[in-house]
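Please keep the sequence and the model in view while reading.

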Amino acid sequence: MMETYRWAVLGCGAIAHEFAQAMEKEGKAIYGVANRTYEKAAEFAKKYQIANVYQDARELLNDENVDIVYIATPHNTHIQYLIEAIRQKKHALCEKSITLNSKELLQAKRLAEENHVILAEAMTIYHMPLYQKLREMARGGEFGKLKMIQMNFGSYKEYDMENRFFNPAYAGGAMLDIGVYALSFIRWFMSETPDRILSQVKAAPSGVDEQAGILFMNAACEMAVAAISLHAKQPKRGMLSFEKGYIEIYDFPRAETAVFTAADGNGSKTISCGSGKDALRYEICDMERSVSSQKNQMHLDLSFDVMSMMTRIRKEWGIRYPEEED
């Protein structure tokens, strides 16, 4: 029987509410909550029957009774909370993008190893049962060799340069907000990390990346193309092209269904597994299994590969955030 862990939530935005609801479905209680404003944390605690409301993040992170911290604050605040949580010997599950860049993630990763705690990114793609199944089938040779991946993810956000999507002060931009999903999908299925990357970007008036097209290739000659945008709607679509056919997946961040179409014209078949509504429940259970076994099974290595690619691409674009040093 798995041990019961005391989770604390840092941040009370929309994704934190989804997390709290997932915990309720799992029959688990949240131990504590903190937010930038105490009032919002108190409201959150009342809604989800959380016993401990902290005055601020520091008080939460200093509570020796907290086992795991779920961090759901803006991207640019992640590293400071991760460092403090890890120093306090707490396991940390952090919303994507886990850090601003690969330098920050490497710092957090090394610190987690030194303190023997689990550090993980809350990336749904790594935990959805469908992706576990498809990866197993692909590695078993059922589809033949992987040749090409095509990814689309486009949202239409109002052109407000002060909101979190376009504001550099909140680490805005398409790459960290939605590109991380597309690149995580690509890395999940590629046999090796892409080492050749070409891209084009359109910047928003605020200077962050609004829209981009990115081409990837690795040493195995597996290729991928990603089209991302914060001001042009696209389907959340992933396509995997193999020797024996191709797989199409819609609503890919929390997918539960994929369709394989055979290259020889012998029809198609639907592959279904898991539920998109339970995406955060899968993350929670995998995190607790990792903590219980003291073995990180949360694919932090893939998160690091993705963060390294995103950092490289943004550097080539010349797009930096105020917190980033030379």
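Helix 1 (residues 14-25) and helix 2 pack at about 25°, and their axes are 11 Å apart. Helix 1 is therefore roughly parallel to helix 2, a term for angles under 35 degrees, with over 145 counting as roughly antiparallel, 65 to 115 as roughly perpendicular and the rest as oblique. The model is predicted: local features need pLDDT of at least 70 and side-chain atom pairs count only at pLDDT 80 or more, whereas totals for chains, interfaces and linings use all residues. Residues are numbered from 1 along each chain as its sequence is written, and side-chain values use heavy atoms, with hydrogens and water left out.

**Terms for elements and angles**

- Helices (H or I, at least four residues) and strands (E, at least two) are DSSP runs, numbered from the N terminus.
- Axes are lines fitted to C-alpha atoms, for helices over the stretch in contact, and angles run from 0 to 180 degrees between N-to-C directions.

**Helix 1 and helix 2**

- Helix 1 contributes A16, H17, A20, Q21 and E24 to the contact, and helix 2 contributes F44, K47 and Y48; contact means heavy atoms within 4.5 Å.
- By class, the contact of helix 1 with helix 2 has four nonpolar, two polar and two charged residues. Ala, Val, Leu, Ile, Met, Phe, Trp, Tyr, Cys and Pro count as nonpolar, Asp, Glu, Lys and Arg as charged, and the others, Gly among them, as polar.
- A41 lies in helix 2, which spans residues 38-48.
- With 0% relative accessibility, A41 counts as buried, that is, under 20% relative accessible area, where over 50% is exposed and the range in between partly exposed (1.4 Å probe, protein chains only).
- Not counting residues up to four places away in sequence, A41 touches C12, V33, A34, N35 and V53.
- A41 and L10 are 31 residues apart along the chain, and their C-alpha atoms are separated by 8.9 Å.

- Six strands form an open sheet in the order 3-2-1-4-5-6, with parallel pairing; two strands pair if DSSP finds at least two bridges between them.
- Strand 3 (52-53) and strand 6 (119-122) are the edge strands, each pairing on one side only.
- Strand 1 (residues 7-10) pairs with strand 4 (residues 68-71) in the parallel sense over four bridges, and L10 stands opposite I71 in strand 4.
- Strand 1 also pairs with strand 2 in the parallel sense over four bridges, and in strand 2 the bridge partner of L10 is A34.
- Strand 2 (residues 30-34) has four of its five residues buried, so it is largely enclosed by the rest of the structure.

- An open sheet of eight strands has the order 8-9-10-7-11-12-13-14, and its pairing is mixed.
- Its edge strands are strand 8 (196-203) and strand 14 (268-272), each of which pairs on one side only.
- On average, neighbouring strands of this sheet are turned by 15° against each other, direction ignored.
- Helix 6 (residues 129-139) packs on the sheet and touches strand 11 (231-242), strand 12 (245-250), strand 13 (257-262) and strand 14. The direction of helix 6 makes about 130° with that of strand 14.
- Strand 7 and strand 10 (residues 223-229) run parallel and are joined by seven bridges.

**F153 in strand 7**

- F153 is found in strand 7 (residues 146-156) and stands opposite I228 in strand 10.
- F153 is buried, with a relative accessible area of 5%.
- Leaving aside neighbours within four places in sequence, F153 is in contact with residues including I178, Y181, A227, F252 and P253.
- P235 is 82 residues from F153 in sequence and 6.0 Å from it in space, C-alpha to C-alpha.

**Helix 7 and helix 9**

- The axes of helix 7 (residues 174-189) and helix 9 (residues 300-317) come within 9 Å and cross at roughly 125°, and the two helices are therefore oblique to each other.
- The crossing of helix 7 and helix 9 is right-handed.
- Among the residues making the contact are M175, L176 and W188 of helix 7 and L302, D305 and W317 of helix 9.
- By class, the contact of helix 7 with helix 9 has eleven nonpolar, one polar and two charged residues.
- Helix 9 also lies across strand 8 and strand 9 (209-217), running at about 55° to strand 8.

How values were computed:
Left-handed = near helix turned anticlockwise from the far one by under 90°.
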